[in-house]
Amino acid sequence: MTMMRELTLIGIRMESPNRAPVMMLRESEGYRYLPISIGSVEATAIAYEEQGLRPSRPLTHDLMRDLIEAFGVHIEAVEIVELRDAVFYAELVLANGARVSARPSDSVALAVRLGTPIRCTEEVLREAGVATPEEEQAELERFRQFLDGVAPEDFSS
């Protein structure tokens, strides 16, 4: 059995110099962060949900949530299961035991809409996780404050 660690979505940040969106996840019971580069559409979808913004028409991830709920499907967890050739792979774990392959960005966008736990294998965290020394905690707190003030429109290109 693969050891899984629960993660918390910290938010989306813009990575310089090209201002590419990076999804920041943090180990719930630990000190490692997992940065994953994502597309601007997914960054916007995650940011909208985090800020409670409701567009006049459903976004793709809202449609996915609505379909999942309409069909009575329950997603137990989102799991980031592999890192291969600098690409992260995730799976949606359904209550019936089925697993559906998905991109981590889409998985997390769906997880924030459904309140689904986000997990990651220990192996992926060991390979791609970033340990944060205590002296960097203040910088992370400033980052969290920045996230509180960022708008979804900041991610559109």
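Helices (H or I, at least four residues) and strands (E, at least two) are DSSP runs, numbered from the N terminus. The model is predicted: local features need pLDDT of at least 70, side-chain atom pairs count only at pLDDT 80 or more, and totals for chains, interfaces and linings use all residues. Residues are numbered from 1 along each chain as its sequence is written, and side-chain values use heavy atoms, with hydrogens and water left out.

**View 1. Helix 2 packs against helix 3.** Axes are lines fitted to C-alpha atoms, for helices over the stretch in contact, and angles run from 0 to 180 degrees between N-to-C directions.

**View 2. The contact of helix 2 with helix 3.** Helix 2 supplies His61, Asp62, Met64, Arg65, Ile68 and Glu69, while helix 3 supplies Asp106, Ala109, Leu110, Arg113 and Leu114. Contact means heavy atoms within 4.5 Å. Of these residues, five are nonpolar, one is polar and five are charged. Ala, Val, Leu, Ile, Met, Phe, Trp, Tyr, Cys and Pro count as nonpolar, Asp, Glu, Lys and Arg as charged, and the others, Gly among them, as polar.

**View 3. Asp106 in helix 3.** Asp106 counts as buried because its relative accessibility is 18%, where buried means under 20% relative accessible area, exposed over 50% and partly exposed in between (1.4 Å probe, protein chains only). Leaving aside neighbours within four places in sequence, Asp106 is in contact with Glu42 and His61.
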